[in-house]
Amino acid sequence: MTYLDHAATTPILPEALEAYLAASGAVGNASSLHAAGRHARRRVEEAREQVAAALRARPSEVIFTAGGTESDNLAVKGVFWARRAADPARIRVVAGSVEHHAVLDAVGWLESHEGATVSWLPVDEVGRIAPDALAEVLDDDVALVTAMWANNEVGTVQPVAELAALAAARGVPYHADAVQAVGQLPVDFAGSGVAALTVSGHKLGGPVGVGALLLGRDIPCTPLLHGGGQERDVRSGTLDVPGIVAFATAVEISVKAQEAFACRVGALRDELIDRVRAAAPDAVLNGDPRDRLPGNAHFSFPGCEGDALLLLLDAAGIACSTGSACSAGVAQPSHVLLAMGADEDRARSSLRFTLGHTSTQADIDALVAALPGAIERARRAGLTKSTRR
Amino acid sequence: MRVLAAMSGGVDSAVAAARAADAGYDVTGVHLALSRNPQTYRSGARGCCTLEDARDARRAADVIGIPFYVWDLAERFHEDVVDDFVAEYAAGRTPNPCLRCNEKIKFAAVLDRALALGFDAVVTGHHARRDAHGRLRRSADPGKDQSYVLAVLTADQLAHSIFPLGDSTKAQVRAEAAARGLAVADKPDSHDICFIADGDTRGWLRSRLGEQPGDIVDGATGEVLGRHAGAYGYTVGQRKGLGLDRPAPDGKPRYVLSITPVSNTVTVGPAAALEVTTVYGDRPLWTGPSPVSVDVQLRAHGSVVPAQVTVSDGRLVAELARPVRGVAAGQAIVGYQPDPDGDIVLGSATISHATSLAGVA
Ligand SMILES: Cc1ncc(COP(=O)(O)O)c(C=O)c1O
């Protein structure tokens with residue numbers, strides 16, 4: 001199989017798997033007071049320090065969660081609730097328009113159920129937020145700003161430091177979903193000026209279902225999950241020791257390897273783009289041509305439906321993605337591409353190829369071999385839309 | 001040969017896909033998402049359009065061991081089947097949406113896309129046979145036969161269709177599903193119209209077309225007998241739900257004889273006035289000779305009647321050997337040549353109107 005869908009999930013690192021298996025053999029609830037409990041707790045705290053060191057945060061700023069979706073929901077809802085509770089005038093959420101659904105829908109829910117007003121930050125044709133757009137909407141009624149570090153569909157990197165500085169100047173907490181960024185780009189929590197940052201294990205070589213929210217010490221946050229208060233009273237639930245240990249291992253390794261990864265995978269990705277363009281001269285590269293995730297290549301293939309291309313490539317043993325959200329497996333035109341000004345046809349004709357730590361040149365060879373035939377067929381299928389009416 | 005199996009989430013299409021895989025075809029399963037909002041279509045085990053049905057189809061594909069995708073045909077389905085259904089009722093006719101779905105969606109939009117993508121045929125779980133000469137025949141299970149709703153397919157569409165269940169009864173299909181470990185083995189059959197969630201067609205049409213009050217008149221005297229809230233709520237041959245408080249002079253039940261959209265009237269009368277002897281059809285698709293003596297079927301699951309059929313100038317005329325009651329415009333007339341190996345479909349047309357020898361109705 002040619003796996004070109006690392007942004008969906010990437011293979012677990014052998015070291016992370018080993019750490020997981022080793023930790024899962026031991027009994028002990030990290031909240032228990034006896035020796036077994038203390039041992040489990042020690043593993044968690046070591047993991048917390050590992051994550052904090054890798055991402056330049058303080059250990060007390062690391063809140064372990066069950067993954068990116070939970071971290072995003074906790075940051076968006078929790079910070080909104082806490083900030084509104086402190087001052088009822090703060091009812092505005094400022095959010096990027098190309099966010100992952102874990103942020104997008106959490107913000108939408110605050111609007112529909114909590115009386116929030118939302119300012120969606122527009123993006124330009126490469127998917128980038130202009131800092132001026134944020135400056136314009138920042139006001140005393142803003143509860144929080146949330147805008148991602150790098151986009152999961154088109155790979156565009158946002159000017160996070162600039163955006164976060166604008167928010168900080170107005171005393172507004174800034175949350176960045178960095179699920180796709182960690183391990184691919186340098187991510188420095190303290191240096192970036194963000195108040196909250198989402199990390200997910202399975203995008204960087206850790207297990208699925210574990211992640212973290214880095215949350216500044218002084219950032220108020222109301223819990224989503226009530227219970228034992230295990231994580232700073234902001235997050236409850238018995239700690240998943242093996243998951244957390246494996247996650248921390250993967251964070252440490254992927255952050256250490258980030259520069260080399262960006263270099264090697266970025267070069268492979270550039271080759272992929274060049275060879276796809278040679279094979280399909282009318283393919284349009286979406287996203288920022290320079291300032292993008294090293295593993296991301298995202299194209300529109302005019303006249304084709306992404307769905308059809310995916311099916312044909314899948315049949316040829318190549319795994320990729322239309323990059324858009326699914327309901328019952330039905331692809332909707334991507335809100336990211338629509339926000340970038342693409343029309344529905346271009347949005348529906350898009351396909352995402354994402355490389356990761358196991359990618360090789362053979363993957364690109366296989367893709368480029370299968371692509372022209374798939375495009376030709378998908379194009380024919382695209383034409384049938386209007387026939388036999 | 002690469003084939004695309006349309007999988008509704010029901011037992012028939014699951015077994016059809018499994019048989020195609022056993023027969024050595026390279027099978028890909030596809031579930032057609034037909035609802036704009038999957039939650040609103042018929043829920044539970046009865047339909048083919050819910051999220052649960054999509055999941056059932058996916059699980060069947062897993063068990064069979066074939067790739068599986070969901071294709072979004074909600075827009076096409078809405079335009080070609082749902083809107084058409086409403087427009088037909090508004091025009092005083094009685095459409096068959098399953099037939100329209102076969103004609104416009106399964107064996108048109110889906111088949112065209114499949115062929116373009118490099119598939120050679122579409123596999124469905126319809127109970128019907130395609131013989132060695134490419135002709136459509138009735139299923140071995142007369143109670144489940146679906147050749148009527150497939151009779152609108154052209155020879156070209158049929159040539160790219162595979163119906164693996166034609167020689168089996170429904171009971172055999174269910175037993176085979178159970179033996180194959182398919183969870184849908186005892187899932188109830190779908191009934192009625194998949195896009196009308198509660199089965200209340202009249203209420204559904206009212207919400208689309210609004211109340212359109214008009215008269216219910218006596219076919220013989222022209223006398224106004226009552227009022228209706230919308231002529232689209234009535235079907236030729238209908239007896240129940242007329243809401244007339246005055247009985248007929250002879251005390252016999254009254255039936256809907258015809259619907260006239262222009263004057264928004266529903267005409268009623270005695271059973272005898274429902275009888276027709278000549279049926280006219282539009283848009284004929286006829287592969288048999290003409291004129292010819294055949295059996296014709298005038299509604300889904302209806303019985304057949306011998307007739308002399310003539311097809312010329314884009315029109316079909318059937319002289320029935322005996323009078324038939326309750327022939328509704330908009331339904332299909334399908335011609336069959338009786339045959340012990342399954343009656344052979346000779347062609348079809350859409351019923352435009354019907355007349356009796358006396359020239360009424
Ligand atoms: C940008 C982004 N945020 C959030 C998530 C959700 O993370 P998880 O799968 O860990 O819930 C994803 C993964 O799809 C993502 O790409």
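In this predicted model, a nitrogen atom of the ligand sits 2.6 Å from an N or O atom in the side chain of A:Asp177. On its own the ligand would expose 390 Å², and the protein buries 85% of that.

What does the rest of the shell look like? There are 13 residues around the ligand, and A:Asp177, A:Gln180 and A:Ser200 are among those that come nearest, along with A:Thr69 and A:Lys203. Sorted by class, the shell has eight polar, three charged and two nonpolar residues. Helix α3 of chain A, which runs over residues 68-86, gives the largest share, with three residues.

Now for the place where the chains meet. Here 20 residues of chain A are in contact with 24 residues of chain B. About 1,900 Å² is buried between chain A and chain B, and carbon and sulfur atoms give 49% of that area.

How many salt bridges cross this interface? The rule finds one, and it joins the side chains of B:Arg113 and A:Glu305, with 3.0 Å from N to O. Two residue pairs are also found in polar contact across the interface. On the side of chain A that touches chain B, the elements giving two or more residues are α10 (306-315) and α13 (361-383). The largest share, seven residues, comes from α10(A). By class, this side of chain A has nine nonpolar, eight charged and three polar residues.

Methods. Residues numbered from 1 in each chain as written. Chains lettered and ligands numbered in written order. Predicted model: local features only at pLDDT ≥ 70, side-chain atom pairs only at ≥ 80, totals over all residues. Heavy atoms only, no water. Near = heavy atom within 4 Å. Polar contact = N/O pair within 3.5 Å; in protein donor to acceptor, adjacent residues only side chain to side chain. Areas by Shrake-Rupley, 256 points an atom, 1.4 Å probe, with all protein chains shown as cover. Helix = DSSP H or I, 4+ residues; strand = E, 2+ residues; numbered from the N terminus. Nonpolar A, V, L, I, M, F, W, Y, C, P; charged D, E, K, R; others polar. Contact = heavy atoms within 4.5 Å. Buried area = accessible area lost by both parts, 1.4 Å probe. Salt bridge = Lys/Arg side-chain N within 4 Å of Asp/Glu carboxyl O.
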